[in-house]
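Welcome, and thanks for taking a look. Please have the sequence and the model open side by side as you read.

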Amino acid sequence: LIASRTNETFAFFTKFYFSALLMIGGILGLSLVNSIFVDAMVADNNDDLELKVKDLTSKIDSLETKIDRLLEEKNRG
């Protein structure tokens, strides 16, 4: 409607503006949605890994304590 009721120059810039807005908005919109999905998928995985790392850390601390006790007993006896 704008293109048919205005001169050719204004119609061209109107079409160009609409096309550019549509392309840039679409690309930015898809990028935003993609980043949200990826972040949500990674966040779920991180929780599991954090629990496993904490578990392994506590096991390592326990083993270090036992090794220290054994070394103390060996040095005494």
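The report below goes from the overall fold to contacts between side chains, and then to distances along the chain.

This is a predicted model, in which local features need pLDDT of at least 70 and side-chain atom pairs count only at pLDDT 80 or more, while totals for chains, interfaces and linings use all residues. Residues are numbered from 1 along each chain as its sequence is written, and side-chain values use heavy atoms, with hydrogens and water left out.

**Overall form**

The protein chain has two helices and zero strands; here helices (H or I, at least four residues) and strands (E, at least two) are DSSP runs, numbered from the N terminus. Helix H1 covers residues 2-5, and helix H2 covers residues 8-76.

How does the radius of gyration of the protein chain stand beside that of a compact globule of 77 residues? The protein chain has 32 Å, whereas such a globule would have a value near 11 Å. The radius is taken over C-alpha atoms, and the globule rule is 2.2 Å times the number of residues to the power 0.38. Along the principal axes, the C-alpha atoms fill a box of roughly 100 × 20 × 5 Å.

What share of the 77 residues counts as buried? The figure is 1%, where buried means under 20% relative accessible area, exposed over 50%, and partly exposed in between (1.4 Å probe, protein chains only). The protein chain exposes about 7,400 Å², and carbon and sulfur atoms supply 66% of that area. These areas come from the Shrake-Rupley method with a 1.4 Å probe; for residues, only the protein chains shown count as cover.

As for charge, the protein chain carries 9 positive and 12 negative charges, and their mean positions are 2 Å apart. Lys and Arg count as positive and Asp and Glu as negative, with His and the chain ends not counted. Each charge is placed at NZ of Lys, CZ of Arg, CG of Asp or CD of Glu.

The structure holds two salt bridges, each being a side-chain nitrogen of Lys or Arg within 4 Å of a carboxyl oxygen of Asp or Glu. One joins the side chains of Asp-55 and Lys-59, at 3.6 Å from N to O. Asp-55 and Lys-59 are four residues apart in helix H2, so about one helical turn separates them. Asp-55 is partly exposed at 39% relative accessibility, and Lys-59 is also partly exposed, at 47%.

Arg-76 forms a salt bridge with Glu-72, with 4.0 Å between the closest N and O atoms. Arg-76 and Glu-72 both lie in helix H2, again four residues apart, or about one turn of the helix. Arg-76 is exposed, with a relative accessible area of 71%, while Glu-72 is partly exposed at 44%.

**Aromatic rings**

A pair of aromatic rings is described by the distance of the centres and the angle of the planes. Rings of Phe, Tyr and Trp (its six-membered ring) pair if their centres lie within 6.5 Å; planes under 30 degrees apart count as stacked, over 60 as edge-to-face and the rest as tilted. By this rule the structure has two aromatic pairs. Phe-12 and Phe-13 form an edge-to-face pair, with 5.4 Å from centre to centre and 70 degrees between the planes. Phe-12 and Phe-16 have ring centres 6.3 Å apart and planes at 20 degrees, so this pair is stacked.

Phe-12 and Phe-16 both lie in helix H2, four residues apart, about one turn of the helix. Both Phe-12 and Phe-16 are exposed, with Phe-12 at 52% relative accessibility. Ring pairs link Phe-12, Phe-13 and Phe-16 into a cluster.

**Distances along the chain**

The table sets separation in sequence beside C-alpha to C-alpha distance.

| Residues | Apart in sequence | Apart in space (C-alpha to C-alpha) |
|---|---|---|
| Ile-2 and Phe-16 | 14 residues | 12 Å |
| Ser-35 and Asn-7 | 28 residues | 42 Å |
| Asp-61 and Ala-3 | 58 residues | 74 Å |
| Glu-8 and Glu-73 | 65 residues | 95 Å |

Ile-2 lies in helix H1 and is partly exposed at 46% relative accessibility. Ser-35 is found in helix H2 and is partly exposed at 39%. Asp-61 is also in helix H2, partly exposed at 40%. Glu-8 lies in helix H2 and is exposed, with a relative accessible area of 72%.
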